[in-house]
Each structure stands twice: as C-alpha cells, then as structure tokens.
Amino acid sequence: MTGRRLEGKVALITGATGGIGAATAELFAREGARLVITDVAREPLRKLARRVEAGGAEVTTALLDVSSAREWEEVTALVRDRFGVLDVLVNLAGILDWPGIEDTREEVWDRVIDVNQKGTWLGMRAAMPLLRASGNASVINTSSVLGLVGSGAAAAYQASKGAVRLLSKTAAVEYARQGVRVNSIHPGVIATPMIQDLLDEQGDRQPDIRRTPMRRAGRADEVAPAILFLAGDDSSFVTGSELVVDGGLTAH
C-alpha cells in the first residue's frame with residue numbers, strides 16, 4: 001500500500017492505552033508508522049500491541065512513567081538503539097483531578113503537575129536529540145480546552161494544561177530551524193475512560209456537553225486524525241499552534 005501519510009516514520013506515543021492513545025496508535029499504524037507505544041500498565045499495553053500488530057504494523061512496547069527522567073532515558077535509548085531516529089513524539093499521557101483551588105490536596109497537585117506538565121517537558125528533553133536527527137520531526141503535546149479557558153474547577157489539571165500550551169509554543173520557537181515542529185492538541189469533552197463514569201452518570205446533562213454547540217461528547221477516533229495531521233507532512237508549515245477538537249465548546 002502506497003501513499004500512507006506516515007510511511008516508515010518512527011512514532012513514540014505515551015499514554016497509548018487510553019482512549020485517544022489507542023485510537024492514535026491504530027490510526028498511525030494504518031498510515032505506515034513504526035510504533036513505540038508506552039504506558040504504565042503492562043497488560044493493556046500488550047493487548048494494544050497485539051491488536052495493532054495483527055494489522056501488519058511494526059510495534060515496540062515499553063513501560064513508561066512520564067514523570068520519571070530515568071524512565072524517559074531508558075525509552076529513548078531503546079528508540080535510539082532500534083531505529084536511530086525519532087520522527088514523531090505524541091505526549092498523550094495525562095491524569096485528571098476535579099477539585100478547585102481550596103479543595104485540591106498538595107500531593108494530588110504535585111502528581112498532576114508531574115505527569116501532565118513535567119512529563120511533557122521530560123519527554124521533549126529526552127527525545128530531542130533523536131527528533132533533530134530525523135530532520136523532519138513533529139511533536140504533538142496534549143493540552144485541553146481547559147488549557148485555553150477556565151472552568152472554575154480542576155485547578156491542578158487546568159494549570160498543567162495551560163502550561164503545556166505555552167511550553168509547546170516556546171519549544172516551537174526554539175526548534176523551528178532545527179527540523180522539529182511542536183504543536184498542541186486541545187480536545188474538548190471526549191468519551192474516554194478518564195471521564196466515562198461522569199458521562200455515564202450525567203449524560204446529556206453534563207454541563208460541558210450542554211455548552212458544546214454540537215451537544216455531544218466527541219469520540220477518540222475524532223481526535224486521532226487531528227493528531228495525524230500534525231504528525232505528518234501535510235502540516236509542514238504548522239508549528240507553535242493549537243489545534244482545538246471540541247465540537248465548538250470554546251467558540252463562544
């Protein structure tokens with residue numbers, strides 16, 4: 001099969017067993033990427049790898065806590081030894097905590113920031129030599145609509161996602177002439193395991209869905225193509241941007 005948009009490219013995806021992560025891995029595989037999929041959960045990672053490999057894709061798995069510099073070094077060493085370069089880095093790993101300013105516990109704040117914000121920085125720092133070696137690389141960092149607008153809740157999550165947005169912009173400027181593009185993706189309400197319990201409980205009464213002009217939650221397979229666009233050469237002049245996938249939530 002020819003004309004696949006990631007043919008032969010090496011792509012590393014963190015948080016790969018989540019809803020958006022799995023949809024992205026499966027789409028990247030169909031588009032010809034050689035995959036390195038990572039997560040903190042061993043068995044779901046194996047199941048995802050088997051599913052993707054069944055379609056003929058080359059898949060490497062690795063356990064990775066994105067908040068650990070040592071584990072990032074180990075994963076990037078694996079990529080270097082196996083492939084020599086890295087063409088696409090998708091920082092999808094993330095955690096969510098709902099309380100606001102006064103109700104957020106310090107240890108929870110620290111963990112959310114460690115995974116969502118520090119983990120994104122550690123990933124770029126560790127992978128950048130391999131990305132530069134590609135000469136035509138793309139980094140997609142996962143922010144959120146809550147990295148663009150306030151909600152009155154989820155203080156740690158919003159702080160981390162706002163930081164990812166601007167971290168992506170400054171990285172885009174830093175590496176623009178070194179063959180590495182950096183953009184952020186901003187999903188709205190997406191029906192993934194992270195919020196499925198809330199969606200099951202509240203349904204169409206969920207406040208953010210009611211504020212979404214399309215009046216529904218998005219699907220993971222509606223976010224993955226946006227990540228694919230940023231990963232491939234169709235977005236060759238796009239860097240430092242925010243790609244919002246939210247059914248119109250932030251349009252008003």
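Is Lys 9 buried or exposed? Select Lys 9 and look: at 12% relative accessibility, Lys 9 counts as buried. (Buried means under 20% relative accessible area, exposed means over 50%, and partly exposed lies in between, with a 1.4 Å probe and protein chains only.)

**Before you go on**

This is a predicted model, in which local features need pLDDT of at least 70, side-chain atom pairs count only at pLDDT 80 or more, and totals for chains, interfaces and linings use all residues. Residues are numbered from 1 along each chain as its sequence is written, and side-chain values use heavy atoms, with hydrogens and water left out.

**Stop 1: the annotated span**

Select residues 9-193. UniProt, in an unreviewed entry, places the feature "domain: Ketoreductase" at residues 9-193. UniProt positions are given in the numbering used here, feature names are shortened, and annotations may be inferred rather than shown by experiment. The span is 48% helix and 18% strand. Its end C-alpha atoms lie 29 Å apart. Helices (H or I, at least four residues) and strands (E, at least two) are DSSP runs, numbered from the N terminus.

**Stop 2: salt bridges**

The structure holds 16 salt bridges. A salt bridge is a side-chain nitrogen of Lys or Arg within 4 Å of a carboxyl oxygen of Asp or Glu.

Lys 9 and Asp 233 form a salt bridge, with the closest N and O atoms 3.7 Å apart. Lys 9 lies in the segment before strand E1 (10-13), and Asp 233 lies in the loop between helix H8 (220-231) and strand E7 (242-245), so the pair ties together parts that are 224 residues apart in sequence. Asp 233 counts as partly exposed, at 42% relative accessibility.

Now select Arg 70 and Glu 71. Their side chains meet in a salt bridge, 3.7 Å from N to O. Glu 71 is buried, with a relative accessible area of 18%. Arg 70 counts as partly exposed at 48%.

Next, pick Arg 219 and Glu 222. The closest N and O atoms of this salt bridge are 3.5 Å apart. Arg 219 is partly exposed, with a relative accessible area of 43%. Glu 222 is partly exposed too, at 27%. Salt bridges that share partners join Arg 216, Arg 219, Asp 221 and Glu 222 into one network.

**Stop 3: helices H3 and H4**

Show helix H3 (residues 69-82) and helix H4 (residues 106-134). How do their axes cross, and at roughly what angle? They come within 9 Å and cross at roughly 30 degrees. (Axes are lines fitted to C-alpha atoms, for helices over the stretch in contact, and angles run from 0 to 180 degrees between N-to-C directions.) That makes H3 roughly parallel to H4. (Angles under 35 degrees count as roughly parallel, over 145 as roughly antiparallel, 65 to 115 as roughly perpendicular and the rest as oblique.)

Display the side chains. Residues of H3 that meet H4 include Trp 72, Thr 76 and Val 79. Those of H4 that meet H3 include Leu 122, Ala 126 and Leu 130. (Contact means heavy atoms within 4.5 Å.)

**Stop 4: helices H4 and H5**

The contact involves residues including Trp 109, Trp 121 and Met 124 of H4, and Tyr 157, Lys 161 and Tyr 175 of H5.

Move to Gly 135, in the loop between H4 and strand E5 (137-142). Gly 135 counts as partly exposed, at 48% relative accessibility. Gly 135 and Glu 106 are 29 residues apart in sequence and 41 Å apart in space, C-alpha to C-alpha.

**Stop 5**

Select Ala 16, in the loop between E1 and helix H1 (19-30). Ala 16 counts as buried, at 0% relative accessibility. Leaving aside its neighbours within four places in sequence, Ala 16 is in contact with residues including Ile 37, Asp 39 and Leu 48.

Most residues other than glycine have a negative phi. Select Ala 154, in the loop between E5 and H5. Ala 154 has a positive phi of about 50 degrees although it is not a glycine. Ala 154 counts as buried, at 0% relative accessibility.

End at Arg 215, in the loop between helix H7 (207-211) and H8. Arg 215 has a positive phi of about 55 degrees, and it is not a glycine. At 52% relative accessibility, Arg 215 counts as exposed.
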